[in-house]
Amino acid sequence: MRIITQLMQIPGVIAAGEYAYRGDRYSYEGNISSEQARMASILCRANTLSMNMQVELFSSFAPEDCGCKPLQGWIVRGRDMSVCVVGNIFCFCQNTPGLLNDVMTIMRAKVGDIEENPLVYMYAKIGGDVHEKLY
Amino acid sequence: MSLDRLMQVPGALAAFHYTDKGDLVAHQVKEGTELTPQVLDLLAHTCVANLAVATLEARGWEALTGQTGFEPLQGFSLVGLDWSAVVNGNYGVVVRNRDADYEAAFAALAEFKA
């Protein structure tokens with residue numbers, strides 16, 4: 001299943017989309033117009049590229065690899081809504097308790113650094129025998 | 001309130017306090033991490049700059065689209081490969097991605113701003 005479709009199945013997610021690092025191509029699902037998705041894609045791409053440069057700069061001051069680069073993404077937490085970006089995926093979600101962590105876990109599992117099954121990762125936060133709880 | 005409170009956030013590797021311009025005022029670092037005061041200082045400058053940009057974008061987005069709920073901003077997070085920096089106001093916390101609880105981090109930072 002596409003990550004955008006997967007994100008949209010989470011209650012509280014308003015819109016999710018994918019943008020190209022180069023060019024102006026994008027796709028999205030959710031409760032925003034095509035023009036808004038286009039603007040969101042441009043905004044997210046510009047911010048991501050800018051932050052990539054910033055991370056490159058300050059990591060060069062670390063004695064060794066400081067663990068920050070390459071950049072995975074960013075979050076802007078608004079009053080009632082948050083914007084999450086990981087890789088070239090963006091997601092607009094409400095600030096419902098628990099939602100931000102779930103969205104970030106799924107996004108990092110799909111395009112970020114979580115290599116194992118995201119369900120295992122999420123259950124691991126609860127503690128105890130994860131394997132027994134899941135299987 | 002002290003940086004000790006931020007160091008209690010799940011996965012916290014460092015906590016820091018900075019001026020409105022992003023200059024590092026105080027910090028705490030968990031032993032064994034590669035985060036130096038210089039990196040934290042630059043990180044704070046980055047976060048201040050990105051919060052300002054995010055405020056501009058949120059304000060513009062609300063005006064252009066009529067959507068509300070973004071302003072005032074409650075914080076910003078930079079998600080790196082191994083860790084994330086979560087900031088709001090003049091405080092920030094660096095959390096290990098593997099143990100990150102972003103909501104807990106934003107909630108802890110909101111206590112400082114209140």
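Let's start with Arg2(A) and Glu18(A), whose side chains meet in a salt bridge at 3.8 Å, N to O; the term covers a side-chain nitrogen of Lys or Arg within 4 Å of a carboxyl oxygen of Asp or Glu. The partners sit 16 residues apart and link distant parts of the chain: Arg2(A) is in the segment before helix H1 (3-8) of chain A, while Glu18(A) belongs to strand S1 (residues 13-19) of chain A. Helices (H or I, at least four residues) and strands (E, at least two) are DSSP runs, numbered from the N terminus. Over all chains, the structure holds eight salt bridges.

A bit of bookkeeping: this is a predicted model, where local features need pLDDT of at least 70 and side-chain atom pairs count only at pLDDT 80 or more, though totals for chains, interfaces and linings use all residues. Residues are numbered from 1 along each chain as its sequence is written, chains are lettered from A and ligands numbered from 1 in the order in which they are written, and side-chain values use heavy atoms, with hydrogens and water left out.

## Where the chains meet

Contact here means heavy atoms within 4.5 Å, and 46 residues of chain A are in contact with 39 residues of chain B. The area buried between chain A and chain B comes to about 3,700 Å², with carbon and sulfur atoms giving 59% of that. Buried area is the accessible area (1.4 Å probe) that two parts lose on being put together, summed over both. Phe58(A), Arg77(A) and Arg79(A) supply 17% of the area that chain A buries against chain B, more than any other three residues.

How many salt bridges are there between chain A and chain B? The count is zero. Polar contacts are another story: the rule finds 25 residue pairs across the interface of chain A and chain B, both residues at pLDDT 80 or more. A polar contact is a pair of N or O atoms within 3.5 Å; within protein, one must be able to donate a hydrogen and the other to accept it, and residues adjacent in sequence count only if both atoms are side-chain atoms. On the side of chain A that touches chain B, the elements giving two or more residues are H2, S3, strand S4 (81-86), helix H3 (99-111) and helix H4 (118-126) of chain A.

## Two cavities

A search of the whole structure finds two cavities of 30 Å³ or more. On a 1 Å grid over the protein atoms alone, a cavity is a set of points where a 1.4 Å probe fits but cannot get out, and a pocket is an open set with protein on both sides within 12 Å along at least five of seven lines; lining residues have an atom within 4 Å of a point. Grid points are joined across faces, edges and corners, and a volume is the space filled by probe spheres set on the points.

The largest cavity holds about 140 Å³. Its lining takes two or more residues from each of helix H2 (34-59) and strand S3 (73-77) of chain A and helix H2 (37-65) of chain B, with H2(B) giving the largest share, four residues. Among the lining residues are Leu43(A), Phe92(A), Trp61(B) and Phe70(B), and the classes split into 10 nonpolar, one polar and one charged. The second largest cavity has a volume of about 40 Å³, and its lining includes Met51(A), Asn50(B) and Phe76(B). H2(B) again gives the largest share of that lining, four residues.

## The largest pocket

About 230 Å³ of space lies in the largest pocket. Of its 16 lining residues, Leu51(B), Thr55(B), Asn88(B), Gly89(B) and Lys113(B) are the closest to its centre. The lining has six nonpolar, seven polar and three charged residues.

## Cis peptide bonds

Most peptide bonds are trans. In chain A, a cis bond joins Lys69(A) and Pro70(A), with omega about 5°, and Pro70(A) lies in the loop between H2 and S3 of chain A. In chain B, Glu71(B) and Pro72(B) are joined by a cis bond with omega about -10°; Pro72(B) is found in the loop between H2 and strand S3 (75-79) of chain B.

Definitions and conventions. Ala, Val, Leu, Ile, Met, Phe, Trp, Tyr, Cys and Pro count as nonpolar, Asp, Glu, Lys and Arg as charged, and the others, Gly among them, as polar.
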